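Here are some notes to go with the model, written for someone new to reading structures. Keep the 3D view open and click on each residue as you go.

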Amino acid sequence: MNRYENPLCTRYASKKMQYIFSSDNKFTTWRKLWYTLAESQKQLGLSNITDEQLKEMKDNISNIDFDVAREYEKKLRHDVMAHVYTFGDVCPKARGIIHLGVTSAYVGDNTDLIQIRQALILIKKRLLAVIQNLVKFSDKYKDLPCLSYTHYQAAQLSTVGKRATLWLKSFMYDLDEIDRRIENLEFRGVKGTTGTGASFKELFGDDYEKFKKLDELVTQKMGFSKKQEVSGQTYDRKQDTYILQTLASLASSAHKFTNDFRMLQHEKEIEEPFGKNQIGSSAMAYKRNPMRCERVSSLAKFVISQELNGHLVHMTQWFERTLDDSANKRLSYPQSFLAVDAILVIIEDILNGVVVYEEMIKKNVIRELPFMATENIIMDAVKKGMDRQEVHEIIRELSMEEVKSIKIHGNDNHLIDRIVSDGRLKLTKEELDNILIPSKYIGFSVEQTKEYLEKVRKILEKNKEYLDIEDEEVTL
């Protein structure tokens, strides 16, 4: 405990996401890439590569001595060559063909892209789990009237389920964007030292078609359908920019969700899970702070701030490449993925244990409903033969008196009683109570919710193969 530890690993992110960016996954992927390169080179006619060498490489893909690699790196000051030597130590027969014709970016960049794809798929799974939970929540509360807000001022009624579809819609945009990023992620492939393939011109004796075929073979074997047609030494860092933008967008949706949730918890309408022995405040024992939502908001700010790194790296890559992307990339997109992973795990936990206080929601509706019902009250009075403008003035006068009473004296809303006792509108208490039925003021909330949820369910059905993710122990 005498050195800094990244809280994304020690507190927040799942083991699955941590593994994706682990040394084990990274360096075994390097070895898979070296093996795939050699296998494809032999397939294209490099007769100096033998089956015995390939078997030796394949058998030792996971046999990594990290202590040896660290010693080589201290000596060589080059991480890729350190692992070339370490791999060669356990593959003495294949030592001479490891890393043949390629530069460091072959393993470095292609592994980055493989990790990004793996991480995007995990994020997609977690996002689909959140979407599925939001669908259940929206459907359950689709017809429960609640106050809606514009400018954080009470507005016309909505329903709890309809409001949840607004959160859901943002996450559906994010799902669409993640799918697009997975589909369009381009592999670097085999491009040579500066992207010209000069070393392969030598290896394949001026045969450009063999060089192209090598690029295609390695790309396909590593599971990618698309590759960069042209590159410098590295893949275009614009791809990293797009990835960070996508993660920032998802973080923004999560932040919006938890902001709304925290304000609703303040209104005592909805509450995130609260453990039996959980402490809300070290001083105020009664408090039930929305710490899960606050953690999501905090992590989301971090992810959103990382988006700028993509632009800064991309715009300063001089010509075929410079190395001032390396340290930044080691921090920005792995940590952004780890944070988004944590965000989605926490949101899923919130939705699994969310508490809805229906009576409090009804109470808050009733508090504001008399003001919202005034237009209908005007219509009923006019039906009884009164002048519309005269009725409007009476309602305005009585409403202002009631607002003053509420604000100055802290009274409940007694506008209906005030109208009845005033007597000028000639409406009975029973008639006014019939107007004050909340479901009359929710518009098409129920129909809209049902229709939208049906659309989302179809998308979930198309993605059901991604909905098998197991729960994990993380700090919530």
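This is a predicted model: local features need pLDDT of at least 70, side-chain atom pairs count only at pLDDT 80 or more; totals for chains, interfaces and linings use all residues.

1. Let's start with the aromatic rings. The count of aromatic pairs comes to 15. One of them joins Phe21 and Tyr333 in an edge-to-face arrangement, with 6.1 Å from centre to centre and 65 degrees between the planes. Have a look at where the two partners sit: Phe21 is in the loop between helix H2 (15–20) and helix H3 (23–43), while Tyr333 belongs to helix H13 (residues 326–353). That makes it a link between distant parts of the chain, 312 residues apart. Phe21 and Tyr333 are both buried.

2. Now compare that with Phe200 and Phe204. Why is this pair called stacked? The ring centres are 6.3 Å apart and the planes of Phe200 and Phe204 meet at 25 degrees, so the pair counts as stacked, the cut-off being under 30 degrees. Both Phe200 and Phe204 are buried.

3. Rings can also gather in groups.

4. Arg117 places its charged end over the ring of Phe224, 3.9 Å from the ring centre. Lys124 does something along those lines with Tyr466, lying over the face of the ring at 4.0 Å from its centre.

5. On to the cysteines. How many disulfides are there? The count is 0. As a reminder, a disulfide is a covalent bond between the sulfur atoms of two cysteines. Take Cys146: the closest cysteine sulfur is in Cys293, and because the two sulfurs are 17 Å apart, they are too far from each other for a bond; the cut-off is 2.5 Å. Is Cys146 buried or exposed? With 0% relative accessibility, Cys146 counts as buried. Cys9, on the other hand, is partly exposed, at a relative accessible area of 35%.

6. Next, zoom in on Asn413, in the loop between helix H16 (388–409) and helix H17 (415–422). Asn413 has 13% relative accessibility, so it counts as buried, given that the cut-off is under 20%. What does its side chain reach? A polar atom of the Asn413 side chain lies 2.7 Å from the backbone oxygen of Arg367, and the side chain also reaches the backbone nitrogen of Leu415 at 3.0 Å. Leaving out residues up to four places away in sequence, Asn413 touches Arg367, Glu368, Pro370, Phe371, Glu402 and Ile406.

7. A word on the annotation.

8. Last stop: Phe257, in helix H11 (residues 238–266). Its relative accessible area is 1%, so Phe257 is buried. Which residues does Phe257 contact, leaving aside neighbours within four places in sequence? They are Trp167, Phe171, Ile347, Ile350 and Leu351. For a sense of distance, the C-alpha atoms of Phe257 and Tyr149 are separated by 15 Å, and the two residues are 108 residues apart along the chain.

Technical notes: Residues are numbered from 1 along each chain as its sequence is written. Side-chain values use heavy atoms; hydrogens and water are left out. Rings of Phe, Tyr and Trp (its six-membered ring) pair if their centres lie within 6.5 Å; planes under 30 degrees apart count as stacked, over 60 as edge-to-face and the rest as tilted. Helices (H or I, at least four residues) and strands (E, at least two) are DSSP runs, numbered from the N terminus. Buried means under 20% relative accessible area, exposed over 50%, partly exposed in between (1.4 Å probe, protein chains only). A charge sits over a ring if NZ of Lys or CZ of Arg is within 6 Å of the ring centre and within 35 degrees of the ring normal. A polar contact is a pair of N or O atoms within 3.5 Å; within protein, one must be able to donate a hydrogen and the other to accept it, and residues adjacent in sequence count only if both atoms are side-chain atoms. Contact means heavy atoms within 4.5 Å.
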